[in-house]
Amino acid sequence: MTQTPLQTEAGSADPVAAASRCTPEFRANPHPVYTELRNSAPVCPLQPPHGVETYLITRHDDARAALADPRLSKDMYGALDAYHRIFGDSSIALDDNMLFSDPPKHTRLRRIVQGAFTTRRVELLRPRLQQVADELLDRCATDASIDLLTNFAFPLPLQVICELLGVPAGERERAHQWATTVAKTGFGPEGKKALAEAEGKLRDFLVDLVARKRSEPGDDLMSALVTAQDKDGALTDHELVSTAWVLFFAGHKTSAYQIGNAVYHLLAEQDQRQAALASPESLKLAIEEMLRFEGSVESSTFRHATEDIPMRGVVIPKGALVQIAITSANRDPEVYADPDRLDVTRTGDQTHLSFGHGPHYCIGAPLARLEMQVALTTLFRRYPEITLAVPPHEVRWLTVPFPAFRGLTELPVVLDPERMAG
C-alpha cells in the first residue's frame, strides 16, 4: 500500500479515547484511529470534553444511512439543554436555519435559497471566479515562500460568497475573522466566552446588513431573501439572519480548506498531479477523489436520537448526540479498494460523503466543485513549477478540539522556484 505523505501515524491502544479527546496527534492524522474504530467499534460511545453523551459512527454504510435517518434529528431546539452545555447560550441565535432543522421547516428554508445554487446558476459564476482567481495570484509574491491558504485558498471562496450575498468589500475580512473564531473555539469557559463574543458581533453585523438591504436592495441573494420575507413572510427575522450566517460560513470555510487539501496532496505526489491536470475531464474525476481522500468536513454537525436506535449491536439511546465521521466513512475498505491511497484516476459513482447525503446534502456542492476546478486549473497553469516550501511532513493540520474541519493551518509554497533561486 502506498503511504501518503502525512504526519506520523497516530494509532492508539485506545482509539475511542483518542477520538474523544481529539489530541493533537489524532488531529494531525486521524486516519489510523478511524481504521481501528471501523474494525473494533464502528458505533461507539465517546467520552467528549463537553460531557454530553455522544456516539460516533465510522463505517460508510452506517454513516450513509444515519445521514438520512429521520430518527436522528438536526433540530437542536429538540436537544437544547445539550446544545447549551456544549456551545453556551449564544450559539442558538445564529442556528435557526436549514442546517439545524428537520422537515417540514428544513424543506421550507432550503427551498428559499436552493435556486441560487443549481448547477446551471453556479456555472454563470465561472467568469467572475476566474477573474478573482487571477487577481489573487497577481498579488502574490513569486520570489518568496507564501502561505497559499491566506493568499489564495481562503480569499477566493470568501470573495465569491460575499459578492453573492452582497456583503460590502470593506466588511468581509472582519466577518471572516469572527467566523474563524467560531470555527476554532474549544469547549471550556474561555472558549465559550470567545464564541459568544464572536457570535454576538456576527449577529449584529448581519442584522445591520439585513436592514441596509431592506432600505437599499441590490442584485444579490441577501436582498432577494429580504424581499421574499417582506413579500410573503417566507422567513422570520431570526431565520433570515441565521440563513445568511450559514450561507456565509459554510460558503467559504469548507471550500477554502478543501482547496488547500487538494493543492497539498497534488504537490506532495507529482504523479497524481500530472494525472489530475491531464484534461478538464480528468480534473473533474480527480476532484471527486480528493474530496473522498481528504475532504474538508471531517465530522458531521450534531444530530440527536429521538428514539433508541440499534446499530451494529449497540443501542444509541434516545436523547444522545450522534457524530458521523465523514473522513472515516470515505476511507472504508468495504467500499473503496486501497482506500488510503490517493488515486485521481479512480472511477465509479460519487459514493463519497463529503457533501453529506439525504435531505441535508450540501446545497453548495455545485459551487464548491466549480471553485476547486477554477482554483486548481488557474494555479497550476500559471505556476506549473510550484512546490511546497517545506517537506510534506512538516505541513501542519488543524488541531482544534472538535473534528468539524479537516484542513491545514497554513500551506507554505514557492510559486516560482527558479525566480526564488535567482
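Biologist: What is the order of the strands in the open sheet of five strands?

Modeller: The order is 1-2-8-5-3, and the pairing is mixed. Keep in mind that this is a predicted model.

Biologist: Why are strand 1 and strand 3 said to stand at the edges?

Modeller: Strand 1 (43-45) and strand 3 (72-73) each have a single partner strand, so one side of each has no neighbour in the sheet.

Biologist: How do you know that strand 5 and strand 8 pair?

Modeller: Two strands pair if there are at least two bridges between them. Strand 5 (residues 303-305) and strand 8 (residues 321-324) have two bridges, so they meet that cut-off. Their sense is antiparallel. As for R303, its bridge partner in strand 8 is V322.

Biologist: What makes strand 4 and strand 10 a pair?

Modeller: Three bridges join strand 4 to strand 10 (residues 412-414), and the cut-off is at least two, so they count as paired. The two run antiparallel. D147 has P412 as its bridge partner in strand 10. These strands belong to an open sheet of three strands, in the order 4-10-9. Strand 4 (145-147) and strand 9 (387-388) are at the edges of that sheet, because each has a single partner strand.

Biologist: How many disulfides does the structure hold?

Modeller: The structure holds zero disulfides.

Biologist: Which residues have the most contacts inside the largest nonpolar core?

Modeller: They are L376 and L379, in a core of 102 residues. Helix 19 (residues 365-382) gives the largest share of this core, 10 residues.

Biologist: What is L379 in contact with, leaving aside its neighbours within four places in sequence?

Modeller: L379 is in contact with L137, L148, F152, V263, I386 and L415. There is also a second, separate core of 17 residues, among them I57, M311, I316 and L353.

Note on methods:
Residues are numbered from 1 along each chain as its sequence is written. This is a predicted model: local features need pLDDT of at least 70, side-chain atom pairs count only at pLDDT 80 or more; totals for chains, interfaces and linings use all residues. Side-chain values use heavy atoms; hydrogens and water are left out. Helices (H or I, at least four residues) and strands (E, at least two) are DSSP runs, numbered from the N terminus. A disulfide is a pair of cysteine sulfur atoms within 2.5 Å. A nonpolar core is a set of buried Ala, Val, Leu, Ile, Met, Phe, Trp, Tyr and Cys residues joined through side-chain atoms within 4.5 Å. Buried means under 20% relative accessible area, exposed over 50%, partly exposed in between (1.4 Å probe, protein chains only). Contact means heavy atoms within 4.5 Å.
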